[in-house]
Amino acid sequence: MQEVISNFNKLEKKIEEIFININTNARVRIVHETIHPGIYIVFGKANIRSTIRIYPSDKENVFIYAIGNSQKNLSTTEILERFPNDLENILTLFERNITTAPIDSLPAFKKQRQMEIKNNENKIDEEDKHLATLPDDEFIRELRQLTKLTIENHKIDQKLQNEKKESQVSFLVHSFINQVARSYRKDAIVEAKKGKNNLRYCLNSIISSNYLLKEFKSEDIKTILEEKSIKERLSNTFKGFEYSINIINQSFKPHDIVLSLKW
């Protein structure tokens, strides 16, 4: 058994090297089994049908190589010959499904996608039935991995959504600074003539699409405002002014961002 695990570990390292050299998609990832030896290539959502799975068998130089419901016993050489091709082909298919259709083709595209969804649902049913008929040891192994991959996939999706929202808020703040930069000199002159030495701008009154703020905690928005690109932008744009950019909360949630200038 020790020899079997040792040989699988060597294969695992080679598979990882091939994966790193070929894959460039952040949604395709490699996962190492923790309870039992095993390696999984996961394409997008975590489920059995969207993975390449490799396990050790009860023989020293033979391994279980599975794609979806297709499973074979292959040697190290056979797997290393097949894997790069399989990875590239499935990666291409995966990436082609993440596309948008031209507007004039939208009706036909929607109909096609509906048919694909229906076919996929039927396929999922068949694959679930197949999963339920696996031998006990293999069923438990696949079930544990399905649970683990689903949880991991949820965490990754959540992280990507948060990063997207953070990027949108950062863009929103930069747009806010841009708008203020267009008028602050003229506004400052007007206020100076009134004997005043300060200006105050609110994001809400300049940019209406501030719904994103409410999806964050104040600490999160503060972290975004501390980004180097935003701090440098403020420093370069309002050179010579005393400036501050602060969060206004409402019902313990971020509601507005205020930029103050003083001279």
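In the predicted model, Lys194 and Glu191 form a salt bridge in which the closest N and O atoms lie 3.4 Å apart. The two partners fall into separate accessibility classes: Lys194 is exposed, with a relative accessible area of 54%, whereas Glu191 counts as buried at 16% relative accessibility. A salt bridge also links Glu226 to Lys231, again with 3.4 Å between the closest N and O atoms. Here Glu226 is partly exposed, at 47% relative accessibility, and Lys231 is likewise partly exposed, with a relative accessible area of 43%.

The structure holds five salt bridges. One of them joins the side chains of Glu142 and Arg53, with an N to O distance of 3.0 Å. Glu142 belongs to helix H4 (residues 136-192) and Arg53 to strand E3 (residues 51-56), so this pair ties together parts that are 89 residues apart in sequence. Glu142 and Arg53 are both buried.

Helix packing was examined for H1 (residues 2-22) and H2 (residues 76-96), whose axes come within 11 Å and cross at roughly 30°. Because angles under 35 degrees count as roughly parallel, H1 is classed as roughly parallel to H2. The crossing of the two helices is right-handed. On the H1 side, the contact involves Leu11, Lys14, Ile15, Ile18, Phe19 and Ile22; on the H2 side, it involves Thr76, Ile79, Leu80, Phe83, Pro84, Leu87, Glu88 and Leu91. Of the residues in this contact, 11 are nonpolar, one is polar and two are charged.

Note on methods. Residues numbered from 1 in each chain as written. Predicted model: local features only at pLDDT ≥ 70, side-chain atom pairs only at ≥ 80, totals over all residues. Heavy atoms only, no water. Axes fitted to C-alpha atoms, helices over the stretch in contact; angles between N-to-C directions. Helix = DSSP H or I, 4+ residues; strand = E, 2+ residues; numbered from the N terminus. Parallel < 35°, antiparallel > 145°, perpendicular 65-115°, else oblique. Left-handed = near helix turned anticlockwise from the far one by under 90°. Contact = heavy atoms within 4.5 Å. Nonpolar A, V, L, I, M, F, W, Y, C, P; charged D, E, K, R; others polar. Salt bridge = Lys/Arg side-chain N within 4 Å of Asp/Glu carboxyl O. Buried < 20%, exposed > 50% of the residue type's maximum accessible area, 1.4 Å probe, protein only.
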